[in-house]
Amino acid sequence: MAPLSLSKSWRVIGTHTDCYTGGRVRLSSCKTLVACWCNESVKLVRLADGHVVASFEDDNDAFIAFDLHPSAPELATVQRSGLIRIWSLETRERLREWKGHKLPVTCIAYDSTGNLLATGAVDRQVRIWNATKGFATHTYAAHNDVITCLTFHPNPSALVVYSGARDGSIVAYDLRKQTDTSLSNHMATVTDLAVDADSERLLSVGRDKVINVWAADTLTLLRTIPVLEELEGIAWLPDSCALPVAISSSSSKRFMTVGQRGLPAVYTLDDMRCVYADETTAQDDAIALTGVLVRDDDFIVVSSDHNLHVRDLATFAQTNCIIGYNDEILDIQCLPDSERAAVATNSQLIRIIDLGTFNARLLSGHTAVVLAVSVSPCGTFLASASKDNTLRVWDLRTFACTAVVQGHTRDVSACTWGRAGALYSASADRTLKRWQVDLQGGTVRPDALATVLAHDADVNAVAVSPNDKLVATCSQDKTVKIWETSDLAPVATLRGHRRGVWCMAFSPVDKCLATGSGDRTIRIWSLRDNTCVRTLQGHTGSVLRLLFLPGGMQILSAGADALVKLWTVHTNECTATFEDAHDDGKIWAMALTPDHARLVTGATDSKINVWRDFTLDDAEEERRAADERTLADQALQNAMKARDHVNAAALAVRLRNPRRLYTILEACPDGDLDAIVDALTDDDLGEALSWIRDWNTVAKRCIVGQRLLRVICRRARPERLLGVKGAGAVLDALAAYSQRHFDRIDRLVRKTFLMDYVLKAQGALGDPAAAEPNNNGAIESALGKRGPDDDNDDRAPASRKTKKKKQQQATKANAADLLPINSGN
């Protein structure tokens, strides 16, 4: 039997990040994308899978308003400085910009042609801009309060803009006549306006719980419809779209409203009444809807909890839910299919998220934040614990709540399942309770089977052993306690942590328990004698979550330092640390999928990361790379033996073997250097420059390095050299050491002149009279420069003078060859 391999490398393969944090949402002209506010930036989100395809932001000048072009891939934004900018959705570049209002802009809208742009600001002014050239064409200030919404008449020939304000006023401004008409019938903020070109009707909604229907041509009020809820959005429906209810008059115009009740409602223009509202989802604590966008066969409603719900027009059934903002992730449990996970966030809603697309389904029922979730061993039920002092049991087949468990007097902080329907819960009331769940219908006995005062402080977590005989609890009182599952009789108390214990996990194979604490350590306890057998140190913050990998030989831990660490138990060492997965957030949630193929983590930075173990992939990649390296090394040896310097040098660079390259360059004639340099890629050139820098620091190797550097400077263009990563620092180091070599050679040359003079004076090199020094110094005499006393050299034989001149020329040539880039000095 092959030994069980240890995990070494996990990497993130999918991330869900924020895409909507409240505010406006606009539908693109292709109707497949929406633009959303997200932390003072604008993100373009694909409706099919919720993927963020583009993000537009300016760190120095935040966005405060935006709109999408009705027909072109362009985005108009207004920034805090007052600049109006037009962006390309395809290239994400700024196309043009101009200065707008002096005070902050609250809303912006294109006309149907995209040639005009209207902006409304807190200065109570509305300005109309030429969007292609960037200048103001009209300005009006007919409101007495802040502008809240804007829209153009959809007929481009009408040239009318409508604006609503916080004081309930509506103004229609005719661009041709440059006149404004006030429409006053709202008693509170006007939140949205919609104009239909065919019927010439203007609809207005606000927080005064009425819909006003106006004649767009005569600007007169036709009807006021009470709706008994504050409305936030309104939109006309397509004439041919199917609806869940039959309409008596098929030719009647229909429109949809959304508001505080959280129920989309359909009205007809002829009857002026509501013909359908989705009462099936009505709840007392329903999430308010803040906007609605209509497509041909479906519509998108925007909820106040920052989610986008895609619903079918014919049935009003939800087809997709895009999570815009998760807030803090508190707990995660993977479902039995290994494709979905139940996520508890800083919300009363439970999210069932697809780990591939991150589409979600929301489970509502709790009235306060959900702190923990747990999946039953049979995979049929989900238990949730909340700050509303209750537990709820959900059927994962229908996602219906089958039972509400009441009994705790404070926040229920943790829950977990045992076998045969046993459900354990721990609370801030310091108690541990055991409940019995009927696995057939999901109902729960009203009274707890057992209750025990477990700790002296809040209980943070609860876990059941693999054999279902023991249950463990950990608390802020720095202790871990072991109990019998049958009657919650105490078994042992584990002491040793110096701060509160946040998490724990039983080993799947050994009789041991791992605990993580606020003292930044992980302790492994033997359940045979209840002693601490190992202490793992390495986290720089509290250890908040941990779990054993299959086989029980390794532990994954996550902490307040935003790190995920992999530990090997028997060596007591940290095998790997995975950083940068979360942005300096506390990792409160971590879970393995049932097939052990993926890991899911969540933190206070609102990110959900899906990881995969790449240990076997990396091992296979290393084996393949080793095989390729062996083949390349053999080819290199063959090329060196055949004196094929060009191919040998290319292979040495590819293998990143500077030693072999040095050997090749030593034996390489100058004629092959040009071909070697020409074959280098930019990355290879950067590596070669770094090797030349290293060779240049050693006197006996600098000649080879300077030979190659001379050819590189001659063959590579300056633009290419500047584009090589790190070339500036390498060239600075080369210049410094090259100057040292030049000075050293200069000193050696000077010493040879002295030796030449001494030997000539002794007659060892010929006539001593020929060794008369030049008045200009030894160096100038050695270089053959003539001075006023050089006439004495005429006494030397012509052959001796010729020989000396050749020696001097050879000395100068050698110095120039060594330092080509400093030869000008």
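Start with the contact between α2 and α3. On the α2 side there are H645, A648, A649, A652 and V653, and they meet R660, L661, I664 and A667 of α3. Contact here means heavy atoms within 4.5 Å. By class, that contact has 7 nonpolar, 1 polar and 1 charged residues. The classes are as follows: Ala, Val, Leu, Ile, Met, Phe, Trp, Tyr, Cys and Pro are nonpolar, Asp, Glu, Lys and Arg are charged, and the others, Gly among them, are polar.

A word on the source. This is a predicted model, in which local features need pLDDT of at least 70 and side-chain atom pairs count only at pLDDT 80 or more, while totals for chains, interfaces and linings use all residues. Residues are numbered from 1 along each chain as its sequence is written, and side-chain values use heavy atoms, with hydrogens and water left out.

Two packed helices are described by the angle between their axes and the distance between the axes. Helix α2 covers residues 645–654 and helix α3 covers residues 658–667; their axes come within 9 Å and cross at roughly 160°. That makes α2 roughly antiparallel to α3. The axes are lines fitted to C-alpha atoms, for helices over the stretch in contact, and angles run from 0 to 180 degrees between N-to-C directions. Under 35 degrees counts as roughly parallel, over 145 as roughly antiparallel, 65 to 115 as roughly perpendicular, and the rest as oblique. The α2 and α3 crossing is left-handed, that is, the near helix is turned anticlockwise from the far one by less than a right angle; clockwise would be right-handed.

Next, α2 and α4. Helix α4 takes in residues 670–678, and its axis comes within 9 Å of that of α2, at a crossing of roughly 40°. That makes α2 oblique to α4. The crossing is right-handed. H645, V646 and A649 of α2 make the contact with D672, A675 and I676 of α4. By class there are 4 nonpolar, 1 polar and 1 charged residues in it. H645 and A649 also belong to the α2 contact with α3.

L689, S690, I692, R693 and N696 of α5 meet V730, A733, L734, Y737, S738 and H741 of α8. The classes come to 6 nonpolar, 4 polar and 1 charged residues.

There is a record for this part of the chain. In an unreviewed entry, UniProt lists residues 633–760 as "domain: U3 small nucleolar RNA-associated protein 13 C-terminal"; its positions are given in the numbering used here, feature names are shortened, and annotations may be inferred rather than shown by experiment. In the model, the span 633–760 is 84% helix and 0% strand, and its end C-alpha atoms lie 55 Å apart.

Now the sheets. Strands β38, β39, β40 and β41, in that order, form an open sheet with antiparallel pairing. Two strands pair if DSSP finds at least two bridges between them. The edges are β38 (412–417) and β41 (450–453); each has a single partner strand, so one side of each has no neighbour in the sheet. The twist averages 15° from one strand to the next. Between β38 and β39, residues 422–427, there are 5 bridges in the antiparallel sense. W417 stands opposite L423 of β39.

Another open sheet of 4 strands has the order β6-β7-β8-β9, again with antiparallel pairing. Here β6 (63–68) and β9 (94–99) are the edge strands, each pairing on one side only. The twist averages 20° from one strand to the next. Strand β7, residues 74–79, runs antiparallel to β6 and is joined to β6 by 5 bridges. L68 has L75 in β7 as its bridge partner.

Last, backbone angles in two loops. S338 lies in the loop between β30 (329–334) and β31 (340–345). S338 is not a glycine either, and has a positive phi of about 60°.
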